[in-house]
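Here is a brief report on one protein model.

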Amino acid sequence: KLILLDSLLQEMVFTKTLLCCLVQLVISLTLCRAEQEVDGEILLHVQHSFDLGQTWTDRGSISIHNTRSGASSHDQVPLLPDEKAALQEQCGVQGVYMVKLTGQQAGTDVGLHRSFTSACMMLEAGLMDLLTLNIDWRGKLIGVALGVQQAPSSRNTQQGIKLDLTPSQDNLSFKTKVVMQHMENGPVPDTAAFIQKMEEEKRKVETGEVKDNRSFLAKYWMYIVPVVLFMAINGAASPEGGGN
């Protein structure tokens, strides 16, 4: 009977492990499907603000043709001289430059996303901004982060410093780079090796190649505990019965 019970326990462990493997397989298939969906196109409409979000003006549109590689094309309006002057004013008070993005992905609304960066950093970078799009495991856009493509020097980011405001077309045009940030998968347990180990141990126990080195209590605790409880209950009830 003890051997049969031990075999049943091993069968339960094996079944539990098998169920875990099936769950991992379903998750892997779901992730593979999500990776296939990641290749979809995203169309973004971009607006920007030079007064901390009180007013917004159109900046243009950005099309991400492949969310895996980040291949994109831009159709953005150059800054007007007064807009760049407003950006300079924000830099003078250590303010920020803000963007707001809306759009479509696979025929569905991507929602409203906002981000910002230092106005002085934008000016020093020559409007070479960096747009990072965060993608979840389903391949959907979940966040946007705005930055610049080069690190600013402390000389040009201090309050009151006059930066280049020459009204050349190149100086007023955005030179945007799009970067895709995909969600990374966590570590996956090596369930195949664990199942193989369990099967090998089960085979050795059945053939008698490996002895059960567990202690007496570890082997038969399920029988000992009920007996101890029964004796404790009877022992507690006996004195009361004798008094009556």
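Of the contacts in the protein with a separation of 6 or more, 64% link residues 24 or more positions apart. Keep in mind that this is a predicted model.

**Overall make-up**

The protein has 244 residues, and 30% of them are buried. Its accessible surface is about 15500 Å². Carbon and sulfur atoms hold 61% of that surface. The secondary structure consists of 6 helices and 9 strands.

**Confidence**

Mean pLDDT for the protein is 77. A value of 70 or more is reached by 67% of the residues.

**An open sheet**

Which order do the strands of the open sheet take? The order is S8-S7-S9, and the pairing is mixed. Strand S8 (141–148) and strand S9 (177–182) form the edges. Each of these edge strands pairs on one side only. From one strand to the next, the twist averages 20 degrees.

How many bridges join strand S7 to S9? There are 6, and the two strands run parallel. Strand S7 spans residues 129–135. In this pairing, Leu133 stands opposite Met180 of S9.

Conventions: Residues are numbered from 1 along each chain as its sequence is written. This is a predicted model: local features need pLDDT of at least 70, side-chain atom pairs count only at pLDDT 80 or more; totals for chains, interfaces and linings use all residues. Side-chain values use heavy atoms; hydrogens and water are left out. pLDDT is the predictor's confidence in each residue, from 0 to 100. Two strands pair if DSSP finds at least two bridges between them. Helices (H or I, at least four residues) and strands (E, at least two) are DSSP runs, numbered from the N terminus. Axes are lines fitted to C-alpha atoms, for helices over the stretch in contact, and angles run from 0 to 180 degrees between N-to-C directions. Buried means under 20% relative accessible area, exposed over 50%, partly exposed in between (1.4 Å probe, protein chains only). Contact means heavy atoms within 4.5 Å. Accessible areas come from the Shrake-Rupley method with a 1.4 Å probe; for residues, only the protein chains shown count as cover.
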